[in-house]
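The sequence and the model are shown first, and the description follows.

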Amino acid sequence: MQTEVLSEVGLRENNEDAAFASPRLVAVADGVGGAAAGEIASALAIQKMIALDKRRLAHSLEQELSDSVADANAAIAFATFHDSRHAGMGTTLSAVALSNDGNYLLANIGDSRAYLLRDEHLRRLTRDDSLVQALIDRGALTESEARAHPQRSVVLEALDGAERPLRPL
């Protein structure tokens, strides 16, 4: 797996993105815009992904990746509980892990996307957890209308410390 990461600050004064890339794992987290301490939430999520990459796996890659996402959410909950200035912080996360047999596993929450580039063709692998995606799914909005929708950046799911069951992608 060849990996690259790029972060664009955009209109904000601070960068709420965090990323990690290795031959086995790529992860991108983007602090939820407008929420408190998004850069801390994204950094915590990426720290948990780095820990996954750096250790010997005791269980299946699927279980280890799922556990790492849950650990990231728990770290955000812990940080929020111990510092009220972090209340409401959250992050999106998209991670791709390569197994020993050459297959890949994907973890995704929010609207940080993962794409596969193979033979000069780009294929989107993830589905956004966003308001506009929900509107598209219901048939109330087209893909082209979504690109200019005034609420296109509204994220419905994020790692924010709340307890929730993990669902397969």
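## An exposed leucine and its patch

With a relative accessibility of 60%, L122 counts as exposed; exposed means over 50% relative accessible area, buried under 20%, and partly exposed in between, with a 1.4 Å probe and protein chains only. The structure is a predicted model, in which local features need pLDDT of at least 70, side-chain atom pairs count only at pLDDT 80 or more, and totals for chains, interfaces and linings use all residues. Residues are numbered from 1 along each chain as its sequence is written, and side-chain values use heavy atoms, with hydrogens and water left out.

L122 belongs to strand β6, residues 121-124. Helices (H or I, at least four residues) and strands (E, at least two) are DSSP runs, numbered from the N terminus. Together with Y115 and L117, L122 forms a nonpolar surface patch with about 350 Å² of accessible area. Such areas come from the Shrake-Rupley method with a 1.4 Å probe; for residues, only the protein chains shown count as cover. Patches are made of residues with over 30% relative accessible area and no salt bridge, like charges being joined within 9 Å and nonpolar side chains (Val, Leu, Ile, Met, Phe, Trp, Tyr) within 5 Å.

## Helix α2

Helix α2 covers residues 61-82, 22 residues in total, and spans 31 Å from its first C-alpha to its last, close to the expected 32 Å. The expected span is 1.5 Å times one less than the number of residues.

Several residues of α2 are buried, including L61, L65, V69 and I76. The buried residues of this helix pack against α1 (38-54), β3 (91-98) and β4 (104-109), where contact means heavy atoms within 4.5 Å. E64 is also buried, because its relative accessibility is 4%. The side chain of E64 forms a salt bridge with that of R55, at 2.8 Å from N to O; the term denotes a side-chain nitrogen of Lys or Arg within 4 Å of a carboxyl oxygen of Asp or Glu. R55 has 32% relative accessibility and therefore counts as partly exposed.

## Other salt bridges

The whole structure contains 8 salt bridges. In one of them, R24 pairs with D53, with the closest N and O atoms 3.5 Å apart. This pair links distant parts of the chain, 29 residues apart: R24 is in the loop between β1 (17-21) and β2 (25-31), and D53 is in helix α1. R24 counts as partly exposed at 36% relative accessibility, whereas D53, at 11%, counts as buried.

R124 and D128 also meet through their side chains in a salt bridge, at 3.5 Å from N to O. D128 is buried at 7% relative accessibility.
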